[in-house]
Amino acid sequence: MSKVTEINHPLVQHKLALIRDKNTGSKDFRELVEEVATLMAYEVTRDVQLETVEIETPICKTKCKMLAGKKIAIVPILRAGLGMVDGMIKLIPAAKVGHVGLYRDEVTLKPVEYFCKLPSDINERDIIVVDPMLATGGSAIGAIDVLKKRGAKYIRLMCLIASPEGVKAVQTAHPDVDIYLGSLDEKLNEHGYIVPGLGDAGDRLFGTK
């Protein structure tokens, strides 16, 4: 079963409280989501591989650690996932960015792919799928399905908040995908919204209704 990591850093929790506040406007909401994504990226990348290299400081030659192994790809789930990309790119500027777009079929209620653009070497990269919310889990499962169909092997999921139902659904569908959260919330309500949640992340990011 996949690992679930709840990132309880004080700065993450403080900024999440501001994000949840219904009085936080779109400008501040966007900035806060970006900042939390940067902070969470530290934890998500904690176990990436390092290698020893020799460099020369102004004083002498020395051996240091640098990133090694697989390169990173960040894949936001459209559209709300876009709000997390810039925050992660600040920390990992060499990462490539792919995009996966899904909509929910009104009859089957299943996610349907409408857009997918990925780096050509996606099968060789450590992939971090990002979406502010993990509610029912349908979009995350659909996005991971899309990635695996295109050869992706090394996938993690990073969300600001999640419901227990969504976490369980992703773990059941993709037990090899570790999940990183800012907060594991209480539940889903009858409308499929996370409680206490933060409302609709896409609408709050982009000022739409």
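Let me begin with a definition: a residue is called buried under 20% relative accessible area, exposed over 50%, and partly exposed in between, using a 1.4 Å probe and protein chains only. The model is predicted, so local features need pLDDT of at least 70 and side-chain atom pairs count only at pLDDT 80 or more, while totals for chains, interfaces and linings use all residues. Residues are numbered from 1 along each chain as its sequence is written, and side-chain values use heavy atoms, with hydrogens and water left out.

Consider Thr24 first. Its relative accessibility is 14%, so Thr24 counts as buried. Thr24 sits in the loop between helix H1 (10-20) and helix H2 (26-44); helices here are DSSP runs of H or I with at least four residues, strands are runs of E with at least two, and both are numbered from the N terminus.

Now we turn to another loop. Between strand S9 (133-134) and helix H4 (138-149) lies Thr136, and Gly137 is in the loop between S9 and H4 too. Is each of them buried or exposed? Thr136 has a relative accessible area of 43% and is therefore partly exposed, whereas Gly137, at 4%, is buried.

Finally, their contacts, meaning heavy atoms within 4.5 Å. Leaving aside residues up to four places away in sequence, Thr136 touches Glu165, Gly166, Ala169 and Leu188. With that exclusion, Gly137 touches Gly166 and Val170, and Thr24 touches Leu18, Phe29, Leu32 and Arg204.
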